[in-house]
Structures are given as structure tokens and as C-alpha cells.
Amino acid sequence: MIRIGHGYDVHRLVPERKLILGGVEIPHTLGLLGHSDADVLLHAIADALLGALALGDIGKHFPDTDPAYKNADSLELLKQVVALIHQKNYRLGNLDAILIAQKPKLAPYILEMRQNIADACHADLSQISIKATTEERLGFTGEEKGISAHCVALLIQA
Ligand code: ZN
């Protein structure tokens, strides 16, 4: 049995917040706004994993009305999602994600993001694909108002 999931997330860029993507703190003049650390990439990944097993989304599992998740480390949230997947007798086959940001240049940080995600998913680096693109200055990502991320993930019954 294999199951496919899709995740999508957006966070607004604002001053005086850290920019954390894939568990990597990236030097930038703006950061992402959110109740947790606003790691848009990890949120899209967690939603893809949950979606593959029709388990809802991270908003359902970690509500932003719950003070326990204020400034939460999204790598920890992802680890909890992976534990749930394992509990349901599934493991990650592979995942493929895209970060959409006009700035900053993300290429230097991609390998470290993949390693963080592989560790959180108990997976090999070869199972984790992260790509980054711009939207050619179009739309909210192009105008640097926010960053979005997509992810598709394949789960395999253990
Ligand atoms: Zn989010």
C-alpha cells in the first residue's frame, strides 16, 4: 500500500522576526510571521505527511490558539507528525518540496535543510528533495510580502 499527500503553506514576511526554513536560521532583513517559528517549509511537509493518511493538517494537531505552540520549533512538530505516521504503520517513501521566495538566495542552505528533514523523518538524504524558486517578481512572493511552500510526499506501508 502506498499513499500520496500534498501540503501547501504561506507565511507573511515582516521585520523583526527570524527567517527559519527547513530548521535553518537564514540571515535576512525580514522573517516569517506566525504563532510557531513560522517555518513554512516544515509546515507544508507536515501537511503532506498528514494528508497522505487523511489525518487532517497541522492546524488541527497543533492549534495556534494553544499557548503550548507559541514560538514552537517546527522540527519538533514534524517529529511528532512522523511519530504519528509510524504509529499508523507507514514510513516515508520520499518527499519533494518547493520553496517559493524572491529573496534571499536559498541555494546555500538547501543541503542543511534536507539533512534536518531527513533526521526528523528517520530517512536518508536521498528521500528528501528540496527545491527553491522565485515567481519572477510576480504576486505576493515576488513582491516579498511572503514565502510559500509546496510538498508532495509518498508513504509506504511498513
Ligand atoms: Zn505555517
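User: Which residues of H1 are buried?

Analyst: In H1, the buried ones are Val40, Leu41, Leu42, His43, Ala44, Ile45, Ala46, Asp47, Ala48, Leu49, Leu50 and Ala52. Buried is under 20% relative accessible area, exposed is over 50%, and partly exposed lies in between, with a 1.4 Å probe and protein chains only. This is a predicted model, where local features need pLDDT of at least 70 and side-chain atom pairs count only at pLDDT 80 or more, while totals for chains, interfaces and linings use all residues. Residues are numbered from 1 along each chain as its sequence is written, and side-chain values use heavy atoms, with hydrogens and water left out.

User: How do you know that the span of H1 agrees with what a helix should have?

Analyst: The expected span is 1.5 Å times one less than the number of residues. For the 13 residues of H1 (residues 40-52) that gives 18 Å, and the end C-alpha atoms are 18 Å apart, so the two agree. Helices here are DSSP runs of H or I with at least four residues, strands are E runs of at least two, and both are numbered from the N terminus.

User: Why is Ser74 called buried?

Analyst: Its relative accessible area is 1%, so Ser74 falls under the 20% cut-off. Ser74 sits in helix H3 (residues 74-87). Leaving aside neighbours within four places in sequence, Ser74 is in contact (heavy atoms within 4.5 Å) with Ser36, Asp37, Asp39, Leu42 and His43.

User: Why is the pair of Phe62 and Tyr69 called edge-to-face?

Analyst: The structure holds 1 aromatic pair. Rings of Phe, Tyr and Trp (its six-membered ring) pair if their centres lie within 6.5 Å; planes under 30 degrees apart are stacked, over 60 edge-to-face, and the rest tilted. The centres of Phe62 and Tyr69 are 5.3 Å apart and the planes are at 80 degrees, so edge-to-face it is. Both Phe62 and Tyr69 are buried.

User: What makes Glu76 and Lys79 a salt bridge?

Analyst: The rule wants a side-chain nitrogen of Lys or Arg within 4 Å of a carboxyl oxygen of Asp or Glu. Glu76 and Lys79 come in at 3.3 Å, N to O, so they qualify. They are 3 residues apart in helix H3, which means about one helical turn between them. Glu76 has 38% relative accessibility, so it counts as partly exposed, and Lys79, at 40%, is partly exposed too.
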